Amino acid sequence: MPVTSQDMFNYAACYGISNHTLQAVIHFKDKLDEVKLARAVRLSIDAEPVLGCFFVERENSPFWQLLFDPEKISWCRLEETKDREDSVMKFLLEPLNTDRDPQILALLLRYCQEDTLCIKLNHACCDGRSAREYLKLLAGLYTKLCRDPSFEPEPNVQGKRDQSAVLEARGITELKSSSIPEEAGPTWAFP
């Protein structure tokens with residue numbers, strides 16, 4: 001799959017410029033169905049194929065490479081815990097190896113009769129808004145699987161995972177600053 005310019009910038013940023021992991025922790029008062037949740041995470045890879053890829057650095061033409069055998073990957077692991085906060089912190093500190101692994105990691109923590117869902121996403125494949133959209137996608141897939149266990153999602157072939165949707169919603173079709181005259185172009189650039 002081709003990468004976008006934002007993908008390339010976010011990928012490069014993980015080498016010391018910024019934290020490249022987006023994370024979410026969601027507490028539930030009841031137990032989730034861990035089999036359906038694991039299936040929903042797996043189906044999210046079908047819906048957003050870039051999540052089932054790894055970034056391949058290639059001069060002048062980097063790309064997203066599909067994982068070799070996605071069916072052998074544990075997409076969402078279940079862990080029973082007596083100390084939820086400690087388990088959440090361990091997960092948050094656990095590195096996301098995005099060089100050869102999926103762009104997402106999910107953990108379902110079970111504490112007594114309550115569950116906590118922890119999600120990690122690589123910032124190279126999505127921005128903060130896309131991470132929020134992923135959580136909505138995952139919740140929708142889980143709900144649909146509860147109603148119809150044979151549900152299969154449609155893949156996102158447009159590949160819009162960056163700020164383009166926000167810009168389009170605001171009617172911005174071209175990025176241009178009105179405060180800088182056109183003839184006064186930048187005198188520097190990112191290395």
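This is a predicted model: local features need pLDDT of at least 70, side-chain atom pairs count only at pLDDT 80 or more; totals for chains, interfaces and linings use all residues.
Q: How many disulfides does the structure hold?
A: A disulfide is a covalent bond between the sulfur atoms of two cysteines. The structure holds 0 disulfides. C76 is in no disulfide, and its nearest cysteine sulfur, that of C118, lies 9.4 Å away. C118 is likewise in no disulfide, with the sulfur of C76 as its nearest, 9.4 Å away.

Q: Is C118 buried or exposed?
A: C118 is buried, at a relative accessible area of 0%. C76 also counts as buried, because its relative accessibility is 12% and the cut-off for buried is under 20%.

Q: Which residues lie on each side of strand 2?
A: In a regular strand the side chains alternate between the two faces of the sheet. For strand 2 (residues 53–56), C53 and F55 are on one side, F54 and V56 are on the other, and all four are buried, leaving both faces covered.

Q: What joins strand 2 to strand 3?
A: The two strands run antiparallel and are joined by 4 bridges, strand 3 being residues 63–66. C53 has L66 as its bridge partner. Their hairpin has 6 residues between the strands, and N60 takes a positive phi near 70 degrees there.

Q: In which sense does strand 5 pair with strand 4, and over how many bridges?
A: Strand 4 (residues 76–80) pairs with strand 5 in the parallel sense, over 5 bridges; E80 has R110 as its bridge partner. With strand 6 (residues 114–122), strand 5 pairs in the antiparallel sense over 8 bridges, and L109 stands opposite T116. Strand 5 (residues 104–111) is mostly covered, with 7 of its 8 residues buried.

How values were computed:
Residues are numbered from 1 along each chain as its sequence is written. Side-chain values use heavy atoms; hydrogens and water are left out. A disulfide is a pair of cysteine sulfur atoms within 2.5 Å. Buried means under 20% relative accessible area, exposed over 50%, partly exposed in between (1.4 Å probe, protein chains only). Two strands pair if DSSP finds at least two bridges between them.
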